[in-house]
Amino acid sequence: MEQLSLFDDRKRTAPLASRLRPDTLEEYVGQKHLMGQGKILRRLIEEDQISSMIFWGPPGVGKTTLARIIAEKTRAEFVEFSAVNSGIKEIKEVMARAEQNRKMGIRTLLFADEIHRFNKAQQDAFLPFVEAGSIILVGATTENPSFEINSALLSRCKVFILKALGETDLKELLVHALKSPKGFGDMKIEIKEYHLEAIARFANGDARTALNTLEMAVLNGRMNEEAVLCVDGDILAQCMNRRTLLYDKNGEEHYNLISALHKSMRNSDPDAAVYWMCRMLDGGEDPLYIARRLVRFASEDVGMADSHGLQVAVAAYQACHFLGMPECDVHLTHAVVYLSMAPKSNALYMACEECKADIKELPAEPVPLQICNAPTDLMKEMDYGKGYIYAHDTKEKLTRMKCLPDALAGRRYYRPGEQGQEKQVKERLEKILEWRNGI
């Protein structure tokens with residue numbers, strides 16, 4: 001009886017998200033594109049046709065829960081593995097046990113949470129047992145498996161993408177938590193529907209965040225004279241004073257957000273650009289990293305259409321260096337908005353890329369003698385510098401002297417556009433080319 005009492009107490013005091021973890025497909029919330037009636041993953045589970053797979057999605061969308069449901073539904077032995085606590089030795093021990101189970105007709109479902117944290121050697125240790133069918137490997141990751149999982153292992157697994165839960169799904173989960181005996185079903189709780197909607201919105205697609213927030217609000221609620229626990233707006237405001245948005249400074253989301261920032265500025269959308277920039281800062285990104293990307297953007301996407309853009313970007317970098325966060329956020333906003341609204345030209349970028357391609361693919365041409373320096377008598381005798389014309393000595397401040405190697409004569413790299421100030425540059429360059437061609 002003592003053991004039973006201790007078990008019950010532990011279950012009662014476990015976090016709400018753990019107590020409400022679904023045990024069946026019917027209780028599972030969200031992922032309708034995979035788990036709805038007739039959908040592919042649900043059919044595989046119901047027909048017991050599970051093979052090795054990877055669940056890829058943000059935190060709190062049900063990856064671990066789904067793996068446990070699969071293990072129960074397929075009557076496989078469930079083994080949970082952690083990259084932090086498990087080395088090659090532990091992997092081989094589990095694999096040996098799984099091989100013995102296979103010989104006895106028992107399947108083993110190995111759940112590798114955060115599989116992207118397993119190193120190459122650990123991932124390679126799974127391979128022969130996945131191939132032999134000793135284990136059904138179910139990996140969960142928040143990172144793009146294309147980048148983080150060995151190609152040999154990935155090719156043997158089906159990848160299922162789990163999406164962040166919608167607000168409707170999260171609200172359904174919260175209502176269930178208030179009614180379920182495993183949740184707060186044995187308590188009288190008063191909470192407004194719009195408060196549940198606020199929690200669902202705050203959770204940003206993460207079921208665990210939604211349930212943890214509800215639990216915190218209930219635990220801090222006020223009991224009225226009728227023994228009803230009331231959760232009001234003030235309590236919720238304290239429980240939701242900060243939302244942690246998904247952002248991994250070293251992972252895929254890092255590159256997604258910086259890409260969103262670049263493409264929003266390129267599309268002259270200052271509102272979107274400021275939003276993505278603030279998302280990065282909120283996630284803890286180094287403001288100097290953002291500033292460096294703005295400096296690159298100023299020449300790659302604005303260029304000669306507005307050369308002041310580079311000055312603004314460099315000034316923003318210096319301001320971030322002087323002040324740091326949180327004060328420098330407005331300087332980054334200044335630069336982001338300026339670059340978003342500036343006329344755009346990628347002519348400098350295209351010139352640089354085309355020239356680099358020629359240098360890589362064509363022979364290394366010698367410098368034409370007329371533009372070589374001739375500091376010694378021997379070099380002068382070898383015609384170094386012969387035929388050089390000093391442009392400042394001419395009326396036009398121009399010469400018809402060839403500066404490209406003969407093999408590249410007439411090659412054009414810089415082709416200015418007509419946006420902003422670059423239109424004037426284009427007109428001047430066309431006049432120079434016409435003069436040099438004697439037109």
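Colleague: Is Gln123 buried or exposed?

Modeller: The general idea is to look at relative accessible area, where a residue under 20% counts as buried. In this model, which is predicted, Gln123 has 2% relative accessibility and therefore counts as buried. Gln123 lies in helix H7, which covers residues 120–132.

Colleague: Is Glu300 buried or exposed, and with which side chain does the side chain of Glu300 make a polar contact?

Modeller: The reading goes by the cut-off already used: with a relative accessible area of 14%, Glu300, a residue of helix H16 (residues 287–302), is buried. The side chain of Glu300 makes a polar contact with the side chain of Arg296, at 2.7 Å. Again not counting residues up to four places away in sequence, Glu300 touches Arg266, Ser345, Asn346 and Tyr349.

Colleague: Turning to helix packing, at what angle do H10 and H12 pack, and how far apart are their axes?

Modeller: One reads the angle and the axis distance, then the handedness, and then the residues that make the contact. Helix H10 (residues 167–179) and helix H12 (residues 207–219) pack at about 40°, with their axes 10 Å apart, and H10 and H12 are therefore oblique to each other. Their crossing is right-handed. H10 contributes Leu170, Leu173, Leu174, Ala177 and Leu178 to the contact, while H12 contributes Ala207, Ala210, Leu211 and Leu214. By class, this contact of H10 with H12 has 9 nonpolar residues, with no polar and no charged ones.

Colleague: How do H11 and H12 pack, and which residues make the contact?

Modeller: Helix H11 (residues 193–202) packs with H12 at an angle of about 135°, with the axes 8 Å apart, which makes H11 oblique to H12. The crossing of H11 and H12 is right-handed. On the H11 side the contact is made by Leu196, Ile199 and Phe202, and on the H12 side by Thr209, Ala210, Thr213 and Leu214. The residues of this contact of H11 with H12 divide into 5 nonpolar and 2 polar, with no charged ones.

Notes
Residues are numbered from 1 along each chain as its sequence is written. This is a predicted model: local features need pLDDT of at least 70, side-chain atom pairs count only at pLDDT 80 or more; totals for chains, interfaces and linings use all residues. Side-chain values use heavy atoms; hydrogens and water are left out. Axes are lines fitted to C-alpha atoms, for helices over the stretch in contact, and angles run from 0 to 180 degrees between N-to-C directions. Helices (H or I, at least four residues) and strands (E, at least two) are DSSP runs, numbered from the N terminus. Angles under 35 degrees count as roughly parallel, over 145 as roughly antiparallel, 65 to 115 as roughly perpendicular and the rest as oblique. A crossing is left-handed if the near helix is turned anticlockwise from the far one by less than a right angle, and right-handed if clockwise. Contact means heavy atoms within 4.5 Å. Ala, Val, Leu, Ile, Met, Phe, Trp, Tyr, Cys and Pro count as nonpolar, Asp, Glu, Lys and Arg as charged, and the others, Gly among them, as polar. Buried means under 20% relative accessible area, exposed over 50%, partly exposed in between (1.4 Å probe, protein chains only). A polar contact is a pair of N or O atoms within 3.5 Å; within protein, one must be able to donate a hydrogen and the other to accept it, and residues adjacent in sequence count only if both atoms are side-chain atoms.
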